[in-house]
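Please consult the sequence and the structure shown here.

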Amino acid sequence: MKQLLHEYAGVLAVRQARLILAASLVSMVGDVLAMVALLLRIHDEGGGPGAVAALLVCFAVPLVLTMGIAGSVADAHDPRRVLIAATLVQAIGAVGLVAAPSFVWTCLSVLVLQTGFSFATPVWTAVMPLVVGEDLAGTYVSLAQGMRAIASPLGAAMAGLLVEHWGSTLVLGINAASFVAVLAASFALRVTRPASGHRSSSSFLPRDGLIALRANPVMSALVFGVVPIILTVEAVSAVEVFLVRGELGATPTQFGLAEACGGVGAVVGAFAAGAVRTRDRRILGLLIGITFVPILQIGQGLAPTLWAYAVSAFVIGLALGIVNALIFTLLLREIAEGDRGKVVALVSGLSRTATIGALAIGGVLGTQLGTRTAYVVCGVVGLLIAATAALRVRASTVPSRTGLTSRR
């Protein structure tokens, strides 16, 4: 624990890291404020589930469509210029949400907002080892993921209170103002990239990112194990309210507290992941995490009481917090500097693709099989995915005992 706290202090001692972390916290709170405010606005204006689904798709589609070119831009151009341009695009989208006169305008503004986000995200992640150093990159990821986990419930709670008393327009205005902090951090960024002998080509297809990822068989196995797990986790989101409120008889307040258990677990998991320092332990921790998640999903589907469900939600959040931090730490450590942006953009795009697919799958499972059975089915599928990932990782690491050196 003392060593972990020392490493956290080492990250926070870097001025640029402090600025970026602070700006990302403000931005994340703003993002959650905007999402909650938009959902409440749709409800107040009489929109139905179709409108909500359309809004969520608009949030996800830009990351899917731009994951190829955004990754190439992140690796081929000056990070500071890319971040400034991307943040300005996000700010334009955020201002559009404030002034949106119709639902169509809202959707267009979200598309603009998320397009800027899709170009900024791989840059912020890829430059971190250049800001804090390779040795502290994993510690930085844990700090950043932990702060994001804290920001999400904080932003949601603030949004509900602010919308109730002052309306959604004020909340969306606060979100737009949050980009001032992000823009300031972008201007303050000063990093020097190592000279590269080649310049990556830009493509809308994530071909280069896929090639870079597949060049590392272990990371390829882990990424293509984690992404399908996201599908099984997000699928039950479509039916969880029916399980908790219907089958387990929770009140609205109890439902909120059960959801908060997952958020608290994610915070603890993200910060705890910083204590895992070697490559082999990070891989093992990630594999254990994606194995525990589906087991606990099955437990949630069979939960006899709300208390049992809430405990499972906490441990799932804990496991996902660890998995999220470890996967990005490994990517930063394993992928060459010139390819990090492409791979991060690819992983982000694949994750959003899984989320979109999960919305449809969860609805079908809940309708056809019932809420409890949907949880059990997703858990069983998740276990098969985790087992496959473990076997692929094992097969990929066998040659390293004779010829390859593990990075630590």
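In which helix does A60 lie? A60 lies in helix α3 (residues 49-65), where helices are DSSP runs of H or I with at least four residues, numbered from the N terminus. The model is predicted, so that local features need pLDDT of at least 70 and side-chain atom pairs count only at pLDDT 80 or more, whereas totals for chains, interfaces and linings use all residues. Residues are numbered from 1 along each chain as its sequence is written, and side-chain values use heavy atoms, with hydrogens and water left out.

The table sets out two residues that are buried (under 20% relative accessible area, 1.4 Å probe, protein chains only).

| Residue | Relative accessible area |
|---|---|
| A60 | 4% |
| T125 | 18% |

Leaving aside neighbours within four places in sequence, A60 is in contact (heavy atoms within 4.5 Å) with R352 and I356. The C-alpha atoms of A60 and R352 are 5.6 Å apart, although 292 residues separate the two in sequence.

T125 belongs to helix α6 (residues 103-126). Residues up to four places away not being counted, T125 touches F328, L332 and V344.

Helix α12 (residues 240-247) and helix α17 (residues 371-397) have axes, lines fitted to C-alpha atoms over the stretch in contact, that come within 9 Å and cross at roughly 135°. On the α12 side, the contact is made by E240, F242, L243 and E247, and on the α17 side by T371, R372 and Y375.

Technical notes
Helices (H or I, at least four residues) and strands (E, at least two) are DSSP runs, numbered from the N terminus. Buried means under 20% relative accessible area, exposed over 50%, partly exposed in between (1.4 Å probe, protein chains only). Axes are lines fitted to C-alpha atoms, for helices over the stretch in contact, and angles run from 0 to 180 degrees between N-to-C directions.
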